[in-house]
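Dear colleague,

I am passing on the structure we spoke about, and below it I have set down what was found in it. Please read the notes with the model open beside them.

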Amino acid sequence: MRTAEEHARAAREAREQAGQSSSSHSQDEREEKIPDGFSPLDYLKEGIHEEDILIGDGFLERHSTLIMIAQSGVGKSSAATQTCCCWACGQGGMSAFDLNPFNGCPLRIVMIQSEDSRNDLYRQSLIVDGLSFSKADRELISDNFRIFTVRGKIGVKAIGSIRAILDKTNGCDILVLNPMSAYGEGDLSRTEDCVTFLYALWSPVLDDYDCGSWLLHHTPKTTGDRRKKQKEWTTFDYMYSGAGAATITNYSRAIVTVDPVGNSTTFAWRVAKRFSESGWPFSVQHYKWNVLESGCKLWVPASVAESSEAKRTSGKTLNDLFNLVPATLEPIPKDSLERIALDEENFTRREYRSFLADAFNGSTPDALRLYEWQIYNPEGGHYVAICRKPQPDDEKPEAIKARIKQQKLAESKILKMPKADKT
């Protein structure tokens, strides 16, 4: 197996050769270099190149890409930092989500990030103390894991900066991009733009620097209807759960998704692509946040009891809450709706509030939309009710008070009118 230094030297020589070729010929004069072709018998003769395997049993290899898909705010950055610290000193196990470096070899990692502030990066780095790494491990992390913040550059310019960083670090084994959407130029929902960034720009970086990559990616905007349908998803559906074109899924050799279980604080980590090479006993494992006294947020496995409880709370849907609001289009007092949902229909308070927020959201389909009404109270103030239709302007407290005022004014005028003389 080649050492990290040998990989770096091979990648450097390849780049130098490419540079010499570019300088000795103009673009018009240079002939396209056609790669050598090999038969299946040639590949059989060579066998498995173990030096290319980075994680698991081929889960992530050099020149290939792992993508992790999760909602914003779930903790992708923290999970990546925690995992990369482990990989940098050759560790795997539960702290690295059971994604283990091949043969326990320490890996050199470069992370390119855009969204996290210096304080965010400090908080994420508390993981070094949270996992109680030894002095030797900390030295390996210091030597092998580097984080660079690159902002304001997309497409070709971003790739140019990333190449300059890799030249400065003498390459790496794994290149992390956090998030991918910060650096791709154009619209990631367009196949053409995805192909340009991933195949034309990103893949050559992996080839030139002899490394693998890990892309962090967001889900599209979610709605209650999407979560309801998600209960019927298969592993193949989860593969395509990231925002953007299907090309993103096709390009990635390995895919991990992270989703909250119901409205709990437990998350389902799922190997949606390349499960057999991951080393996981099951395709889904449950993790949760554990906040230490230092403020470190540590991802830890959820217990069987916690996983079971999380699944139990996931039984309710937005449609269940919608059906508690009268179909007669009469408003129901908000506190009455909450009491029915919690006491009679066994919603958790977290579920109730989450689904109610979804029901108020303008992006929720009309068939599941709910509206907040302000009900006039003659004794002062007003109370809140919920209805399946928007509140008419003439039924709002201001309109009702205006009508009452006008009515009282009219009545006072009648009282002030002189009485007719009966004589």
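Predicted model: local features only at pLDDT ≥ 70, side-chain atom pairs only at ≥ 80, totals over all residues.

Ala 245 lies in the loop that runs between α10 (235–239) and α11 (247–251). Apart from its neighbours within four places in sequence, Ala 245 is in contact with Leu 188, Ser 189, Arg 190, Thr 191 and Cys 194. Of these, Ser 189 is 56 residues away from Ala 245 along the chain, yet the C-alpha atoms of the two are separated by 4.4 Å.

For the chain as a whole, there are 17 helices and 14 strands, and buried residues account for 43% of the 423 residues.

Among the helices, α3 (residues 76–88) has 13 residues and reaches 18 Å from its first C-alpha to its last, which is close to the 18 Å expected at 1.5 Å a residue. Since 13 of the 13 residues of α3 are buried, this helix is largely enclosed by the rest of the structure. After α3 comes Gly 90, which has a positive phi, near 80 degrees.

The other part I would point you to is the pair formed by α15 (residues 334–344) and α16 (residues 349–360), which pack at an angle of about 130 degrees with their axes 10 Å apart. The two helices are therefore oblique to each other, and their crossing is right-handed. On the α15 side the contact is made by Lys 334, Leu 337, Glu 338, Ala 341 and Leu 342, while α16 contributes Arg 349, Tyr 352 and Leu 356. Sorted by class, this contact has five nonpolar and three charged residues, and no polar ones.

Within α15, the buried residues are Leu 337, Ile 340, Ala 341 and Leu 342. Following α15 is Asn 346, whose phi is positive, near 60 degrees.

With best wishes

Technical notes: Residues numbered from 1 in each chain as written. Heavy atoms only, no water. Helix = DSSP H or I, 4+ residues; strand = E, 2+ residues; numbered from the N terminus. Contact = heavy atoms within 4.5 Å. Expected span 1.5 Å × (residues − 1). Buried < 20%, exposed > 50% of the residue type's maximum accessible area, 1.4 Å probe, protein only. Axes fitted to C-alpha atoms, helices over the stretch in contact; angles between N-to-C directions. Parallel < 35°, antiparallel > 145°, perpendicular 65-115°, else oblique. Left-handed = near helix turned anticlockwise from the far one by under 90°. Nonpolar A, V, L, I, M, F, W, Y, C, P; charged D, E, K, R; others polar.
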